[in-house]
Amino acid sequence: MSAHSDAAAVNADRAAPARAASYLHDGYTLWSWLSSRDHKRIAILYAVSITAFFFIGATAAALMRLELFTPGADVVDADTYNRLFTAHGVIMVWMFLIPSIPSVFGNFALPLMIGARDLAFPRLNLLSWYLYAGGGLFTIAALLLGGVDTGWTFYTPYSSVFSNTHVILTLAGVLIVGFSSIATGVNFIVTVHTLRAPGMGWFKLPLFVWAIYATSVILVLATPVLAITLLLLAAERVFHVGLFNPALGGDPLLFQHLFWFYSHPAVYIMILPAMGVASEIIPCFARKRVFGYRFMAFAIIGIAVISFLVWGHHMFVSGQSAYASMVFSLLSFMVAVPSAIKVFNWTATLYKGSISFTAPMLYALGFVVLFLQGGLTGLFLASLSVDVHVTDTYFVVAHFHYIMVGGAVMAYLGAAHYWWPKITGRLYPESWARLAALIIFAGFNLTFFPQYLLGYEGMPRRYHTYPPDFQVLNVLSSAGAAILAVGYLLPLGYLLWSCLHGRPAPDNPWGASGLEWKTATPPPQHNFDRLPDGSDPPYDYPPLQE
Amino acid sequence: MDAATPDSAQDIGRQAARTRLGMWAFLGSEVMFFGPVFFAYLYGRFMWPQAFEAASRGTDLLCGAVNTAVLLTSSLGVAVAHLLADRGAYGRARRALDAVVLLGLAFLAIKGYEYVQDWREQLVPGPHFHLQGAVNQAGAQLFYFVYFFATALHALHLTAGIALMLHCRRALRRRPGRPTLRRLEAAGLYWHFVDIVWIFLFPALYLAGRAL
Amino acid sequence: MSQGLALFPPSASAAARDTDALYLALTGFSTLIAAVFIALIAIFCYRYRKNAKANRAHAPSSARGLEAAWTIAPLIVFLGLFAWSARQYALQFHAPRDATRVFIVAKQWMWTVEHPNGRREINELHIPIDTPVKLIMTSQDVIHSFFVPALRNKRDVVPGRYSTLWFRADRPGEYLLLCAEYCGTDHSEMKGRVVAMAPQDYARWMEGGASHPGLAERGFALFRRHGCMGCHAAASSVHAPELSGLLGRRVRLSDGSDVVADETYVRDSIMEPQKAIVAGYEAIMPSFKTQLNEEDISAIIEYIRSLDRDELAGERP
């Protein structure tokens, strides 16, 4: 609580007098929320829908881990299990991770951070949410009608010829959500280019803005490829043409190339915003400028560019040529370099700082540690001969969960806690938040670390039953999942509680730098009474003494 | 498309830049939509060059060429409309847009006629596909799959463009002013993009096997 | 099979042990880096925690030299790891010429195996140790993946083409075989075992089982029954490409390109003859897609392969 109280003392004279003027009070009807062009309200629309999808996807995972307690089939049958892991993948990737940080915190904080009144195209922003919600409804419909069993990767010819589940309905949902992503990306790109406060050059932007910008470029350029790939898949399924179906002269590998050309950059859509969040939280709670700001900014751009060149590392055993595999392996090692730089820089930011361990900081530090581990295992997967053994096993499952859950979800929760006062005007209960962060960190590691070992032992992924030798590690993993579940339910509880009963927050409870903290908490609908000047450098924390 | 009250006159001027940049960013995504389709075409052309060339000879060169002229002229009409509207000649600008819409509809009509012909000639991919005289029917069918997919996607975009032009035309009558001019410029950019896509599609699909 | 909380599956080949060596190196490197950075983070968090007395003066916010160093050093390590793994991969990719061939057809949800002498197995693969073995695999339906953890090797088995995987086991034993590419309802049930035997035991095993014609013999019977002789026999009046010595030969196609005739080329020629016409020939070969299944095609390939040797009497057309 110490961070609150002394920051509160510093900011006492800046406490907003007129709470009634905040964006939250700008209309109380449901329609005022559903028709709002205000980026802050749209962010909350996204937050609610994303949270709902997260828990649906998490329930699927819970059932899967329950089944995997024992080697045999005793909770669900094979068909149901296959639908569960597909639902888990589709929902978590497209309905949760891809929109999460950009559409909630990018929407809420980015205009504030650059001193703007809103995004460049507020109505397009609202349309983005409706596209997301509409696409989500298609996915829910597919789920209610029995689901789909192709895996989130829709490999052909299983998905185009053999599966008799609701493939087209699911594809339609994903396609529509994809348009939401593109619209959001266009909006952020134009906003960052044209709505920055006077004096705010590119190298004065907070790194979160850089991260959202790079993510938006990937969203705009990669998502259309997914759209076309899914349309081609749907066309093959409906019109029985032979593009990916070898029985009709097509090539299943063509699908894989097209799919992964989007889906690899997609994983960077998921992690870059998380890196941006870490770059906001760590300087704030270390009371120090980010170490190596320019390198950090260039690393973000470097990651975004190279991300388009490595898709073939998902196909080392697919039958693609050895030369192609070697090129993709080399490039995959290259993309690890800027990611490594970022970890080193975050660590160096802590040096000679003045560090407080608030919940956001715990999440941010957890992010760095888990992202480091996940990134290191990426090296295993980039190594051709090792990948031949571990691809399509639980090793890969562990790797991407370290990055997506240990990385992106931790950062999402960190962002939620960091900006919670600004968004809601309330303080969350700090002790509960720290407890939840620690439970999540522990539960996460217990769930996913054993999976690396399972993978090297040879347990393939998407397995409903498994040889009994693999049971011990599976039990550990499922036990961890139970702990993780508790950890995730806690924030749902206390954050909602704080909306009604939390202490009112001062304008800048953390004493953070950044334009979003220089306006009222919560902000008025028009963000700033007078648009601020942007010429101060970012992370403008005064030098520490002693 | 504005946020709450603009803070200065400069802001109004910058709105045009925002609209333009937004359309260019969107067109970037559109390039990536058509990119994979061209990639599928190049893939097929590389793997089965003879089949693709033979299949391309089955397209209606006259219709394709006329459509190219129609679309290029319509792009001229868009540019003229924008120029006139900029100068305040809203009436004439609307007439230019009329021409654009008519030409766009003519394109769609000719394309529709071609599709009907293709159906009659059994060139629609599916169980009844058969290209006369082609040795590699599977390769030829793949060509026609790409042909229909690409031209249908293009026609869909053209239809959206026609709708945009009709919207701009109505705005010119109802509320001529800066926002309308911005929209017309953005719609114009979009129309030119659709035109450029066709300029790539035409030689790829119609001229592949017809080198003299 | 491994017991309990084993970290490594058994290793059945030198290549597997090489992969393990790289894996251990990667683990060592990762553990070192993770330990260093977690330690640094912990130390900084402790030493510079708020209200702790520490020297915070002149905190650096950038250091070009350090940035350059920690950009270049990882790059060099990564290049080393790349080279090591690429070399192992390259060795794994191309089978030696004298490898024993086994044909595998995967289907939902089982593995069917056919040895050159015609001996068949389901979900089991008997192989000799100390001999390179090359698996020529295709799928009858969807993509599967032939995975033997003990060999640290797997390859996707794709419908419509042949994939190959080769290995040289050096320890006798039974090893788990798993399908590693999701293929539908009973994906997890598509298990089997690879039985590695000493060469004498293997020879004895091959003799055993019901008497059956070898693959090449069966291929010859199919070749005759389906009328291939009509065009491809030496005495035929129809102008058709010469098949003896075909496998491994460079073939010029009618569009001017060159291909090396491998198993996939022969399979495509039988199933989709229009795909690649040999230069100088007419495109008159019909497709046998509806008449031959994958096992039949493997047999015909072996028959064609046998045409470059004089071993089996009465084989030549």
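How many helices and how many strands does chain B have? Chain B has 6 helices and 0 strands. The model is predicted, and it scores ipTM 0.90 and pTM 0.91.

**Chain B**

- From the N terminus on, the order of elements in chain B is α-α-α-α-α-α.
- The C-alpha trace of chain B spans about 70 × 30 × 30 Å along its principal axes.
- Chain B has 212 residues, and 39% of them are buried.
- Take the contacts in chain B between residues at least 6 apart in sequence: 76% of these join residues at least 24 apart.

**Contact of chain C with chain A**

- Chain C gives 76 residues to the contact, and chain A gives 73 residues.
- On the chain C side, helices and strands both take part: helix H1 (14-47), helix H2 (64-93), strand E6 (144-148), strand E7 (153-157) and strand E9 (173-179) each supply at least two residues.
- H2(C) supplies the largest share of the side of chain C that touches chain A, with 15 residues.
- By class, this side of chain C holds 42 nonpolar, 20 polar and 14 charged residues.

**Helices H12 and H14 of chain A**

- Helix H12 (residues 359-382) of chain A meets helix H14 (residues 394-424) of chain A, with axes that come within 8 Å and cross at roughly 160°.
- An angle over 145 degrees counts as roughly antiparallel, so H12(A) and H14(A) are roughly antiparallel to each other.
- The crossing of H12(A) and H14(A) is left-handed.
- Their contact comprises 16 nonpolar and 10 polar residues, and no charged ones.

**Helices H4 and H8 of chain A**

- Helix H4 (residues 78-113) of chain A packs on helix H8 (residues 207-239) of chain A at an angle of about 125°, with the axes 10 Å apart.
- H4(A) and H8(A) are therefore oblique to each other.
- The crossing of H4(A) and H8(A) is left-handed.
- H4(A) makes the contact with A:Pro102, A:Gly106, A:Leu110 and A:Met113, while H8(A) uses A:Phe208, A:Val209, A:Ile212 and A:Thr215.
- The residues of this contact divide into 6 nonpolar and 2 polar, with no charged residue.

**A:Phe449**

- A:Phe449 lies in helix H15 (residues 430-457) of chain A.
- Is A:Phe449 buried or partly exposed? A:Phe449 has 17 other C-beta atoms within 10 Å, so A:Phe449 is partly exposed.
- A:Phe449 and A:Gln373 are 76 residues apart along the chain, and their C-alpha atoms are separated by 9.9 Å.

**Confidence in chain C**

- Chain C has a mean pLDDT of 88, and 94% of its residues reach 70 or more.
- In chain C, confidence is highest in E6(C), with a mean of 97, and lowest in helix H5 (residues 229-232), with a mean of 82.
- Residues 310-317 of chain C have pLDDT below 50. Beyond near neighbours in sequence, this stretch has 10 contacts in the model.
- Where pLDDT is low, predicted coordinates should not be read in detail.

Key:
Residues are numbered from 1 along each chain as its sequence is written. Chains are lettered from A and ligands numbered from 1 in the order in which they are written. This is a predicted model: local features need pLDDT of at least 70, side-chain atom pairs count only at pLDDT 80 or more; totals for chains, interfaces and linings use all residues. Two residues are in contact if their C-beta atoms, placed from the backbone, lie within 7 Å. Helices (H or I, at least four residues) and strands (E, at least two) are DSSP runs, numbered from the N terminus. Ala, Val, Leu, Ile, Met, Phe, Trp, Tyr, Cys and Pro count as nonpolar, Asp, Glu, Lys and Arg as charged, and the others, Gly among them, as polar. A residue is buried if 20 or more other C-beta atoms lie within 10 Å of its own, exposed if 12 or fewer, and partly exposed in between; C-beta atoms are placed from the backbone. Axes are lines fitted to C-alpha atoms, for helices over the stretch in contact, and angles run from 0 to 180 degrees between N-to-C directions. Angles under 35 degrees count as roughly parallel, over 145 as roughly antiparallel, 65 to 115 as roughly perpendicular and the rest as oblique. A crossing is left-handed if the near helix is turned anticlockwise from the far one by less than a right angle, and right-handed if clockwise. pLDDT is the predictor's confidence in each residue, from 0 to 100.
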